[in-house]
Amino acid sequence: MTPRRRRMALVLGIVAGVAIAGALALSAFRKNVTFFFDPTQVTAGKVPPGEGFRLGGMVTKGSLRRDPGSLEVHFVVTDYRHDVPVSYTGVLPDLFREGAGVVAHGRMQGGTFVADEVLAKHDEKYMPPAVAESLKRHGESREGLAAPAAAPPRPAPPAAPPTGTSPTAGS
Amino acid sequence: MSRFLDMGGYAAFVWPAYAVTFAIVFLNIIWARRALARSRAEARRRLAMRAESS
Amino acid sequence: MTWTWFHRLGSPPYVYALAARLTPWFAWPAALLIAGGLWGGLVLAPPDYQQGDGFRIVYVHAPSAWMSLMVYMTMAIAAAIALIWRIKVGHAVAAACAPIGASFTFAALVTGALWGEPMWGTYWEWDPRLTSMLILLFLYLGYMGLRAGLEDTQRADRASALLAVAGSVNVPIIHYSVTWWNSLHQAPSVMRFGKPTMALSMLVPLLMMLAGFTLYFVALLLVRLRGEVLSRERAASWIPEVLKT
């Protein structure tokens, strides 16, 4: 083998070696590497017991309920195969919508996931409101569009009780 | 104009993001030009030293 | 098929002169594309149905992220060429890339955090995309640290080049992290198979920004390359002539 071929083999070998080592490490630590579990995994008991974990999925349309006079909310997270009811006390992010993605951190208590943090997960679609409206009118897949912005955005959490983030115009 | 500056309520996030990015854009231009100037100055110095010693 | 042009690139005086000549041809189009992209993105593009005007951060966040990955691959390929073909200029190119890539990785993380707080509800999460981007920053800093720390240029070249090459595995991980694993960060809107998931009026300024930043990177590289070449060719005979210009 010429010296140059040997050097090429060395370089490619290093890349392959790191790739394989990385793949092995990631698959071995899969449970710890998992950023969130979906409702099917949670229902199947795949979540390591004890500590808190993250639950991710879509907020079931029509499932959002507020306790009057408190900041406690209830909603259901679904992956369209299983559902997990969630309760959370606190301010929801601006982009939290029914029919939209959510990632919540917390733990299971009984059959309910009690969240200490709720993050909105939005999809990779970008479009003007007019296009979104017309897509909605012509019917979208159930995974389609979240309701458009209901309340004006605010950078800091408000001190007052949250304004409604329930969908307008009965989507 | 003020609606533009307000960025629909997101001004506190949008404008700092642009500021940071373009600060880095300009910083890189300055760094690159300074690096070249430094290399040129150093090369000149080396040449002068060799001319002196020869 | 003649490889003469490829091996001419290994000649420092040729590279120096070529770099100087080419720079304006990248710098000015870059400036125009970025200016056009800013106008299109900040003024002409409509607000997003979900994120309102907040989505406009994409016009600095996506180019920064693009820069961080493109620059790393350039660095890794240049390092590999330098290692395999023993072409010194490869090390110069890689060395020039590192501070550029590191600073734009930082920009991507900061603009991402500023975008995440209003939209997701947090500045940072240890999700696969964000974590692998942070690792990329450490790889850049590691590369620069190795170069600075090793006295002997040859050793510095070799060690840092090996790190750059090994770390290139992280680049596809970063890109596919949002599809391979559950993550908070959403899937790609542009760099994907199939149609972009962005309306044309929003997409065109973004493409202009991406193209503009790419040309800007080449211009930066050309400037830095000249400095690197000068530093390496300590006592070369072509230098006096070039310093007169």
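C:Y72 is found in helix α3 of chain C (helices are DSSP runs of H or I with at least four residues, strands runs of E with at least two, numbered from the N terminus). The model is a predicted one, so local features need pLDDT of at least 70 and side-chain atom pairs count only at pLDDT 80 or more, while totals for chains, interfaces and linings use all residues. Residues are numbered from 1 along each chain as its sequence is written, and chains are lettered from A and ligands numbered from 1 in the order in which they are written.

With 26 C-beta neighbours inside 10 Å, C:Y72 counts as buried (20 or more other C-beta atoms within 10 Å; 12 or fewer is exposed, in between is partly exposed, and C-beta atoms are placed from the backbone). Leaving aside residues up to four places away in sequence, C:Y72 touches C:G101, C:L136, C:S168 and C:V171 (contact is C-beta atoms, placed from the backbone, within 7 Å).

As for the contact between the chains, 36 residues come from chain C and 36 residues from chain A. On the chain C side, α3 (58-85), α4 (88-119), α6 (153-167) and α8 (200-232) each give two or more residues, and the largest share, four residues, is that of α3(C).

Next comes helix α2 (residues 12-44) of chain C: its 33 residues should span 48 Å at 1.5 Å a residue, which agrees with the 45 Å between its end C-alpha atoms (the expected span is 1.5 Å times one less than the number of residues). Even so, α2(C) has a kink of about 35° at C:L22, shortly before the proline C:P24 (the bend is the angle between axes fitted to the seven residues ending there and the seven starting there). Buried residues of α2(C), including C:V15, C:Y16, C:L33 and C:I34, belong to a set that packs against α3, α4, α8 and α9 (239-243) of chain C.

Chain B, finally, has two helices and zero strands. Its C-alpha trace spans about 70 × 15 × 10 Å along the principal axes, and 26% of its 54 residues count as buried.

Terms used: Two residues are in contact if their C-beta atoms, placed from the backbone, lie within 7 Å.
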